[in-house]
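Take a look at the model below. Then follow this short tour of its residues, helices and surface.

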Amino acid sequence: MLPLLAYRPFLDPLPIGNSPLWYWLLVPLVVLVSVAYKTIKLDDLRALPRQAGRLTVQILVFMALAAALIWVLTRVA
């Protein structure tokens with residue numbers, strides 16, 4: 001095992017891919033991307049929570065649909 005000072009985040013990533021819970025890390029990532037995007041695009045920031053929430057839901061739904069489509073295509077083929 002390498003000492004802590006030798007940890008290289010991009011070359012030696014943490015082993016979270018083995019856990020089924022890593023999918024939940026997508027939710028805060030999508031929320032942060034939605035808030036950042038809408039902060040730049042909106043003229044009036046009073047609508048930010050509603051617009052960022054709507055974009056978050058849209059991204060998560062389309063990611064789930066894309067994952068389901070890919071899953072179906074890999075099972076059929």
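Val61 counts as partly exposed, because its relative accessibility is 41% and partly exposed covers the range between under 20% (buried) and over 50% (exposed). Val61 sits in helix 2. Ala6 is 55 residues from Val61 along the chain, and 39 Å separates their C-alpha atoms. Keep in mind that this is a predicted model.

**Helix 2**

Helix 2 runs over residues 48–76, which makes 29 residues. From the first C-alpha to the last, helix 2 reaches 42 Å. That is close to the 42 Å expected at 1.5 Å a residue.

Which residues of helix 2 are buried? They are Leu48, Gln51, Ala52, Leu55 and Thr56. Helix 1 (26–41) is part of what covers these buried residues. An α-helix has 3.6 residues a turn, so residues three or four places apart point the same way.

**A salt bridge**

How many salt bridges does a search of the whole structure find? It finds one. The partners are Asp44 and Arg46, whose side chains meet at 3.2 Å, N to O.

Arg46 is exposed, because its relative accessibility is 72%.

| Residue | Relative accessibility | Class |
|---|---|---|
| Val61 | 41% | partly exposed |
| Arg46 | 72% | exposed |

**A nonpolar patch**

Now turn to the surface. Tyr7, Leu14, Ile16, Trp22, Tyr23 and Leu25 form a nonpolar patch there. Together they have about 630 Å² of accessible area. One of them, Leu25, lies in the segment before helix 1.

**The whole protein**

The protein has two helices and zero strands. Its C-alpha trace spans about 50 × 45 × 15 Å along the principal axes. What is its radius of gyration? The protein has 18 Å, whereas a compact globule of 77 residues would have a value near 11 Å.

Of the 77 residues, 12% count as buried. The accessible surface of the protein comes to about 7,000 Å². Carbon and sulfur atoms account for 75% of that surface.

Key
Residues numbered from 1 in each chain as written. Predicted model: local features only at pLDDT ≥ 70, side-chain atom pairs only at ≥ 80, totals over all residues. Heavy atoms only, no water. Salt bridge = Lys/Arg side-chain N within 4 Å of Asp/Glu carboxyl O. Buried < 20%, exposed > 50% of the residue type's maximum accessible area, 1.4 Å probe, protein only. Helix = DSSP H or I, 4+ residues; strand = E, 2+ residues; numbered from the N terminus. Expected span 1.5 Å × (residues − 1). Contact = heavy atoms within 4.5 Å. Patch = residues over 30% accessible without salt bridge, like charges linked within 9 Å, V, L, I, M, F, W, Y side chains within 5 Å. Areas by Shrake-Rupley, 256 points an atom, 1.4 Å probe, with all protein chains shown as cover. Rg over C-alpha atoms; globule rule 2.2 N^0.38 Å.
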